Amino acid sequence: METNRILLGGSDLGLFYSGLFNFYQFAAFENKKQFLKIIEQQVLKLRHELLLSLPGFMLCMLPALEDQNSELLKNVEKILSETEEIVGTTRFFGEIWKAMLRTPRCRLSAIKFLDRRIPKTPNEAADKLRKGKIFESPDVMVIKDGKVQLEKVVATLDYGENDLNGNGLVTEKELLELIE
């Protein structure tokens with residue numbers, strides 16, 4: 001764990017995450033506590049770098065929801081909530097669905113988690129929105145000159161004559177829905 005802590009202090013963290021995340025499921029209880037502490041103290045504080053390794057991170061955290069220890073389970077739930085705030089609700093749930101479809105070991109825990117978290121009625125969804133429980137994604141991955149970069153999401157409003165709806169309002173987003 002000390003080696004991982006040193007690695008997590010570097011700048012190219014996305015490169016190391018997939019190797020680190022695989023070990024949680026098979027770790028002893030004390031190591032799981034330390035692992036979650038590292039996630040809280042190091043990984044979540046990096047904010048947008050988590051986006052680079054979100055698929056591996058979700059593959060690690062979803063099976064952790066099956067843990068029988070209530071203390072660990074509370075920590076995992078807290079980490080997942082913070083992750084949703086960091087990466088945005090759409091991307092967060094999108095990665096859960098991808099993990100569920102791709103990896104059998106995540107399916108049961110992902111289904112249970114989604115059942116608890118996804119609003120079941122439009123009124124529940126509106127209530128979550130009013131309470132500020134739905135988060136926008138602040139960053140988008142862009143490939144420029146062969147390098148992956150994270151940039152802020154830009155939404156522009158342009159009043160143009162070619163709007164199909166006739167009201168002159170065109171909203172552009174950085175192809176987030178297409179990518180997800």
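F92 is buried, as its relative accessibility is 0%, where buried stands for under 20% relative accessible area, exposed for over 50% and partly exposed for the range in between, with a 1.4 Å probe and protein chains only. The model is a predicted one, in which local features need pLDDT of at least 70 and side-chain atom pairs count only at pLDDT 80 or more, while totals for chains, interfaces and linings use all residues. Residues are numbered from 1 along each chain as its sequence is written, and side-chain values use heavy atoms, with hydrogens and water left out.

The structure holds 3 aromatic pairs, a pair being Phe, Tyr or Trp rings (the six-membered ring of Trp) with centres within 6.5 Å, called stacked if the planes are under 30 degrees apart, edge-to-face if over 60 and tilted for the rest. One of these joins F92 to F93: the ring centres lie 5.4 Å apart with the planes at 75°, so this pair is edge-to-face. F93 is also buried, at a relative accessible area of 12%. The rings of F92 and F113 are likewise edge-to-face, because their planes stand at 70°, with 6.1 Å between the centres. This second pair links distant parts of the chain, since F92 belongs to helix α6 (residues 89–102) and F113 to helix α7, 21 residues apart. Helices here are DSSP runs of H or I with at least four residues, strands are runs of E with at least two, and both are numbered from the N terminus. F113 is buried too, with a relative accessible area of 0%. Together, F92, F93 and F113 form one aromatic cluster.

Helix α5 (residues 70–87) and helix α7 (residues 104–117) pack at about 65°, their axes 14 Å apart; axes are lines fitted to C-alpha atoms, for helices over the stretch in contact, and angles run from 0 to 180 degrees between N-to-C directions. That makes α5 roughly perpendicular to α7, a label for 65 to 115 degrees, with under 35 roughly parallel, over 145 roughly antiparallel and the rest oblique. The contact (heavy atoms within 4.5 Å) is made by E77, L80, S81 and E84 of α5 with F113, R116 and R117 of α7.

Helix α4 (residues 54–64) is largely enclosed by the rest of the structure, because 8 of its 11 residues are buried.
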